[in-house]
Amino acid sequence: MENFTQYLFVLMWAIMAVYLFMKGIKVDKICFVYSVFFLFMTGWYLADIIYTDIDMMHGSLGWVFRGIVGAVLLFTIIVAALKRRKK
């Protein structure tokens, strides 16, 4: 069952990346940034599945992952604050 949920996460991140890419074309260019982020998430989770010898979520690789996710979160907060300030 664990393998199924891992593949489900990979599929979910990929669907979100494609969806946000399509939204970026029609709605807002910022969606492209989030589309790239979800492609990163797709690749990271897929690498975690494929490379069973390397634990992608713990150790130094886990800190890299958390750092990138934190940077995207900080970027999102800044963009939201700037959009709110413009209103």
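Helix pair. I took α1 and α2 and found that their axes come within 8 Å and cross at roughly 165 degrees. Axes here are lines fitted to C-alpha atoms, for helices over the stretch in contact, with angles from 0 to 180 degrees between N-to-C directions. Helices are DSSP runs (H or I, at least four residues), numbered from the N terminus. The crossing angle makes α1 roughly antiparallel to α2 (over 145 degrees). By class, their contact (heavy atoms within 4.5 Å) has 19 nonpolar, four polar and two charged residues.

Ground rules. This is a predicted model, where local features need pLDDT of at least 70, side-chain atom pairs count only at pLDDT 80 or more, and totals for chains, interfaces and linings use all residues. Residues are numbered from 1 along each chain as its sequence is written, and side-chain values use heavy atoms, with hydrogens and water left out.

Core. I looked up the largest nonpolar core and got 19 residues. Such a core is a set of buried Ala, Val, Leu, Ile, Met, Phe, Trp, Tyr and Cys residues joined through side-chain atoms within 4.5 Å. Phe38, Met41, Tyr45 and Phe65 have the most contacts inside this core. At least two of its residues come from each of α1 (2-26), α2 (30-50) and α3 (59-86). The largest share, ten residues, is from α2. Leaving out residues up to four places away in sequence, Met41 touches Trp13, Phe65 and Val69.

Val18. Is Val18 buried or exposed? Val18 lies in α1 and is exposed, at 53% relative accessible area. The cut-offs are under 20% for buried, over 50% for exposed and partly exposed in between (1.4 Å probe, protein chains only).

How values were computed:
Angles under 35 degrees count as roughly parallel, over 145 as roughly antiparallel, 65 to 115 as roughly perpendicular and the rest as oblique. Ala, Val, Leu, Ile, Met, Phe, Trp, Tyr, Cys and Pro count as nonpolar, Asp, Glu, Lys and Arg as charged, and the others, Gly among them, as polar.
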